[in-house]
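Biologist: Walk me through reading an interface in a model. Start with the charged pairs, please.

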2 protein chains.
Amino acid sequence: MSRTVFYISDGTAITMEVLGHAVLSQFDREFEQRTWPFVESVERAREIRERIDRSCEESGERPIVFYSIVCDEIRDIILASQGFCHDVIESLIAPLSEELDMAPHPTVHRTHGLNRDNVARYDARIAAVEYALSHDDGLSLRHLEQAQVILVGVSRCGKTPTSLYLAMQFGLRVANYPFIADDMDNLTLPPEIRQQRDKLFGLTIDAERLSAIRNERRSGSTYASLRQCRLELAEVEALYRRFGIPHLNTTNYSVEEIATRLMDKLGIERRIF
Amino acid sequence: MSRTVFYISDGTAITMEVLGHAVLSQFDREFEQRTWPFVESVERAREIRERIDRSCEESGERPIVFYSIVCDEIRDIILASQGFCHDVIESLIAPLSEELDMAPHPTVHRTHGLNRDNVARYDARIAAVEYALSHDDGLSLRHLEQAQVILVGVSRCGKTPTSLYLAMQFGLRVANYPFIADDMDNLTLPPEIRQQRDKLFGLTIDAERLSAIRNERRSGSTYASLRQCRLELAEVEALYRRFGIPHLNTTNYSVEEIATRLMDKLGIERRIF
């Protein structure tokens, strides 16, 4: 039977959830995970405590409770539950406080919060998302000088999601440009892109995976055929080598990994939002 | 002088970075943060150790090192540095191991990894991003029955970034539909959208903030005027009330917070990627 895990936070609980998921993946058991964000009232905390206790009675095992709540009164309600409660942040705060020889100032963890101090930074991040959208798939070759990265690659190799992720998570302005089948006989870079050569990053992918992805969109088409995929990839990879464009095979990588490896290879400093 | 912080991981380091940032925000000091992802080789680990030691000598203070590295040989190189090293995951693993009465199986934390077991889930998440793009800004009212959420609101109140974030982070299929100035005299919902009423979620925003955002795009226009913003918002909020559409004022919220509050209000269960 699966063990129940509760994530309880006075914020979005996004970070805690991802962290908890990574921790649980090290144990060879099934877990049923439930997230309770914005636990900011006594009423909501009491409701959750009842659910924890009910889950405990029904399953005969006490649920794992990962929590992060600044307000003492609300936290105490959760701690009075029958769950195994563990403060996710505190285990990092205590050793750091000792090392820094400094007391922490617990404030509600608005990790993803918006306030007077960071609204300009936030707006720039949203502007990066808009930039990615208006420079998606070669839509516009104008204002490429404003891009920090220009992704190139064949259709369906991961350019669009990577561009959007880089914008959303790291506030980078990313344009992307596709090489299409018609270009293959004489593959080259448009002059607007060639001018920004130090920003270029190429994506490639295994032909089998590309063909599978394209078949999802246009099943049985020439476009999706393994032969066509192989041809396009060979041409594009040759171009990467010819122009000395750094590139990455995305076959086994998620957008998070592609984005992180790209920044690492291009030496782009990461900003934290 | 700011204290230096290194995030060192054999993975993307994304989760660690966000967590570390939340922890550091509780201390009233400046920190200079550097991230080293994909520390998978002895050479790279040695290079980083040298940087940690150099930073220590230059500043006279040992850097804070948050790390998560599974391979003993590589981890030991980092631990031999002069930094104050703290394993981010381990402090959660140990108590959990005791509670579960089970030993952990340390595997390289591919928190955002792609493998045979999760590729179908990953592809569905990327398909959600594509769905959001093709149903952005009322582009298409077809296949709305496939949407899990339909965001509505005036131009520039946060619909597009919220849709993309919900797709990217939680794999939700989200369409969004704008109310435009021409609709205001007789504001209503198109029949395609009215059919999906239980999926609707309205965004609203303070007129002053909306006007500022619109002025960034079209400075001095009627569209950006405070008067026009107030008029549109009043009409749209009246419509939310008339149709009983749950809604949120986004003025002080980031996309992460809007997305999380939306799922909470609509009772959508969160999936973790």
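Biologist: How many salt bridges does the rule find across the interface of chain A and chain B?

Modeller: A salt bridge is a side-chain nitrogen of Lys or Arg within 4 Å of a carboxyl oxygen of Asp or Glu. Across this interface the rule finds 16. One of the salt bridges joins Glu130(B) to Arg156(A), with the closest N and O atoms 2.9 Å apart.

Biologist: What should I know about the source?

Modeller: This is a predicted model: local features need pLDDT of at least 70, side-chain atom pairs count only at pLDDT 80 or more, and totals for chains, interfaces and linings use all residues. Residues are numbered from 1 along each chain as its sequence is written, chains are lettered from A and ligands numbered from 1 in the order in which they are written, and side-chain values use heavy atoms, leaving out hydrogens and water.

Biologist: How many residues of each chain are in contact?

Modeller: Contact means heavy atoms within 4.5 Å. Here 82 residues of chain A meet 82 residues of chain B.

Biologist: What is the area buried between the two chains?

Modeller: Buried area is the accessible area (1.4 Å probe) that two parts lose on being put together, summed over both. Between chain A and chain B that is about 7800 Å². Carbon and sulfur atoms give 64% of the area.

Biologist: Is Thr12(A) buried or exposed?

Modeller: Buried means under 20% relative accessible area, exposed over 50%, partly exposed in between (1.4 Å probe, protein chains only). Thr12(A) is buried, at 8%. Not counting residues up to four places away in sequence, Thr12(A) touches residues including Pro37(A), His112(A), Glu256(B) and Arg270(B).
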